[in-house]
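These are my notebook entries on a single model. I looked up its helix packing and then a few individual residues.

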Amino acid sequence: MELRRSQLVGLFLGFLFLTAAPLSSARFVVEKNSLRVTSPDKIKGTYDSAIGNFGIPQYGGSMAGAVVYPKENQKGCKEFSDFGISFQSKPGALPTFVLVDRGDCFFALKVWNAQKAGASAVLVADNIEEALITMDTPEEDSSSSKYIENITIPSALIEKNFGETLKKAISGGNMVNVNLDWREAVPHPDDRVEYELWTNSNDECGVKCDMLMEFVKDFKGAAQILEKGGYTQFTPHYITWYCPHAFTLSKQCKSQCINHGRYCAPDPEQDFSAGYEGKDVVLENLRQLCVFKVANETKRPWVWWDYVTDFQIRCPMKEKKYNKDCADGVIRSLGLDVKKIEKCMGDPNADSDNPVLKEEQNAQVGKGSRGDVTILPTLVVNNRQYRGKLEKGAVLKATCAGFEETTEPAVCLSGDVETNECLDNNGGCWHDKTANITACKDTFRGRVCECPLVDGVQFKGDGYTSCEASGPGRCKINNGGCWNDSHEGHSYSACLDFGNSKCQCPPGFKGDGIKTCKDIDECKEKKACQCPECSCKNTWGSYECTCSGDLLYIRDHDTCISKRSVQTKSAWAAVWVILIGLAMAGFGAYLIYKYRLRSYMDSEIRAIMAQYMPLDSQAEVPNHVSDENPRV
């Protein structure tokens with residue numbers, strides 16, 4: 001009887017592990033992307049498709065392709081090379097989207113076989129009339145783990161009726177072109193992206209755990225940049241479930257649960273008599289939640305990424321270091337308060353709710369556009385569940401898709417998420433081969449043609465056919481796109497380094513200022529040196545004019561005059577300057593004399609008048625007229 005009881009508990013907990021959510025009011029939301037048929041006209045329109053939970057969906061972008069339905073291996077369960085079938089696109093042709101039927105093998109295997117044959121995307125037609133479901137990865141085994149992590153193309157499930165429509169159009173000889181659109185797969189309500197990762201501290205749960213650990217390490221840098229810059233708000237979550245009340249005193253519940261069966265996790269080794277227990281995982285999950293809460297209180301929420309990666313490296317289960325002592329060492333090394341974290345964790349033996357874990361169980365229930373969290377790991381971006389491979393570039397692309405276009409932070413334009421469309425003919429954008437400057441810029445949404453900013457100089461134009469340097473410093477960049485040349489050590493340029501001036505040939509040259517500026521022959525065109533006594537000689541960009549005899553050429557008046565007259569005029573000019581200077585000096589001295597004389601006379605008059613008519617408010621003023629003593 002005890003054997004059956006333990007088996008029943010194990011089966012029940014296993015069921016809870018698979019659902020990983022409260023059993024009441026469970027709700028699963030299928031994440032969709034838009035599939036638009038562009039030809040033929042009879043079936044043109046927009047249809048729903050469910051994003052596969054493997055591969056790399058092009059979040060924030062779109063992909064156009066031609067649909068092909070193979071004549072053999074239509075379910076895609078075998079390698080297409082066995083049938084001599086290849087889906088590799090020819091140069092200049094649209095990418096190939098392979099349509100396969102559902103059934104007989106895993107969704108992921110169908111996509112993997114199509115990818116190996118050269119497909120760019122896979123559409124799986126449902127074989128029954130039902131609402132769309134999410135194509136998930138199979139349970140880990142040695143065979144599936146080899147190809148799941150290597151799937152890089154997107155895939156989607158379509159309804160049976162729509163699949164039949166596509167097949168009919170293809171069999172009728174029509175070219176079926178479709179456009180998969182992920183641009184609205186992630187909403188962007190404001191300028192900050194909110195995302196959450198449902199994870200687990202257990203590092204002995206197979207391929208998915210290994211993939212999760214690798215992702216956390218790879219994504220840490222980008223996540224911390226986004227968080228520190230205030231671009232995102234990240235929240236970690238951990239799945240727990242409860243043990244049925246009737247079994248809370250059983251050995252299985254005691255080993256896998258804390259707080260009297262309220263919060264449980266499966267045994268890491270699936271062996272209740274050896275190794276770590278499920279409650280060890282629950283406690284570490286709780287500790288990691290509290291690390292995040294304490295770090296968030298100190299305005300350093302990004303420290304969670306440091307703790308989780310350091311704990312994975314320093315405290316693995318394989319080395320028997322998955323324990324409190326090792327965790328406390330990591331916490332101290334990151335400058336966090338161990339006592340605050342212990343207080344946050346509470347008493348795991350108490351017969352009462354743990355506020356932190358209770359909140360996690362409530363969060364597992366779907367709200368709004370997000371369904372219940374039933375798959376581990378799960379990433380949610382702006383309350384929309386991410387579907388696809390948990391890989392740095394793919395997740396960063398999905399996160400960045402949550403920003404309004406043109407508001408993305410710099411990390412979203414890094415090499416990890418670039419589409420590299422600019423490598424092929426500069427993406428069809430403007431390109432200056434001489435200066436090696438292009439208007440093509442790779443982004444996670446695809447290439448954009450925008451005139452660049454180079455060394456502080458902004459180029460302006462449409463980005464496709466033209467970009468011109470403007471503003472100060474424009475002449476430093478490839479001479480502003482204007483004509484330039486050098487001759488006998490002198491440089492000549494048609495670029496004007498101010499405002500938005502266009503290219504203009506310098507004086508002595510004529511032309512468009514961009515490609516050509518030709519030297520003007522002033523002598524031949526009789527534009528200078530036309531006086532009878534003048535002799536003209538053309539030079540590069542200018543001319544030389546000399547006068548015969550003892551004459552001097554005046555360029556401004558284009559005439560020749562005698563040097564003696566120039567000297568005479570210069571002498572008289574000097575005399576006049578001297579005379580004017582003397583006159584001004586004399587006049588100045590006269591003014592000073594008048595001022596000082598007047599001041600002296602005023603003081604004398606005031607002294608005399610003070611002797612005979614003293615003022616009440618004025619003391620007696622000494623008499624400058626007589627130095628004798630006054631009478632007694």
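I take helices (H or I, at least four residues) and strands (E, at least two) as DSSP runs, numbered from the N terminus. For the expected span of a helix I use 1.5 Å times one less than its number of residues. The model is predicted, so I note that local features need pLDDT of at least 70 and side-chain atom pairs count only at pLDDT 80 or more, while totals for chains, interfaces and linings use all residues. Residues are numbered from 1 along each chain as its sequence is written, and side-chain values use heavy atoms, with hydrogens and water left out.

Entry 1, helix α7. I looked up its span first. Helix α7 (residues 278-297) has 20 residues and reaches 29 Å from its first C-alpha to its last, close to the 28 Å expected at 1.5 Å a residue. I count a residue as buried under 20% relative accessible area, exposed over 50% and partly exposed in between (1.4 Å probe, protein chains only). Because 14 of the 20 residues of α7 are buried, this helix is largely enclosed by the rest of the structure. Just after α7, I find Lys-299 with a positive phi of about 60°.

The crossing of α7 and α9 is right-handed; I call a crossing right-handed if the near helix is turned clockwise from the far one by less than a right angle, and left-handed if anticlockwise. Contact (heavy atoms within 4.5 Å) is made by Glu-284, Arg-287 and Val-291 of α7 with Lys-324, Ala-327 and Ile-331 of α9. By class I record three nonpolar, no polar and three charged residues there. Nonpolar covers Ala, Val, Leu, Ile, Met, Phe, Trp, Tyr, Cys and Pro; charged covers Asp, Glu, Lys and Arg; the others, Gly among them, are polar.

How do the axes of α8 and α9 cross? Helix α8 (residues 303-314) and helix α9 (residues 324-333) have axes that come within 10 Å and cross at roughly 140°. α8 is therefore oblique to α9. From α8, the contact involves Tyr-307, Asp-310, Phe-311 and Arg-314; from α9, the residues include Cys-326, Val-330 and Ser-333. I sort this contact into six nonpolar, two polar and two charged residues.

The axes of α5 (residues 207-228) and α12 (residues 392-400) come within 9 Å and cross at roughly 30°, so I class the helices as roughly parallel. Their crossing is right-handed.

Is Ser-155 buried or exposed? Ser-155, in strand β6 (residues 155-158), is buried, with a relative accessible area of 5%. Asn-73, in the loop between β3 (62-68) and β4 (96-101), is buried at 12%. Asn-349 lies in the loop between α10 (338-345) and α11 (355-363) and counts as exposed at 61%.

Key. Axes are lines fitted to C-alpha atoms, for helices over the stretch in contact, and angles run from 0 to 180 degrees between N-to-C directions. Angles under 35 degrees count as roughly parallel, over 145 as roughly antiparallel, 65 to 115 as roughly perpendicular and the rest as oblique.
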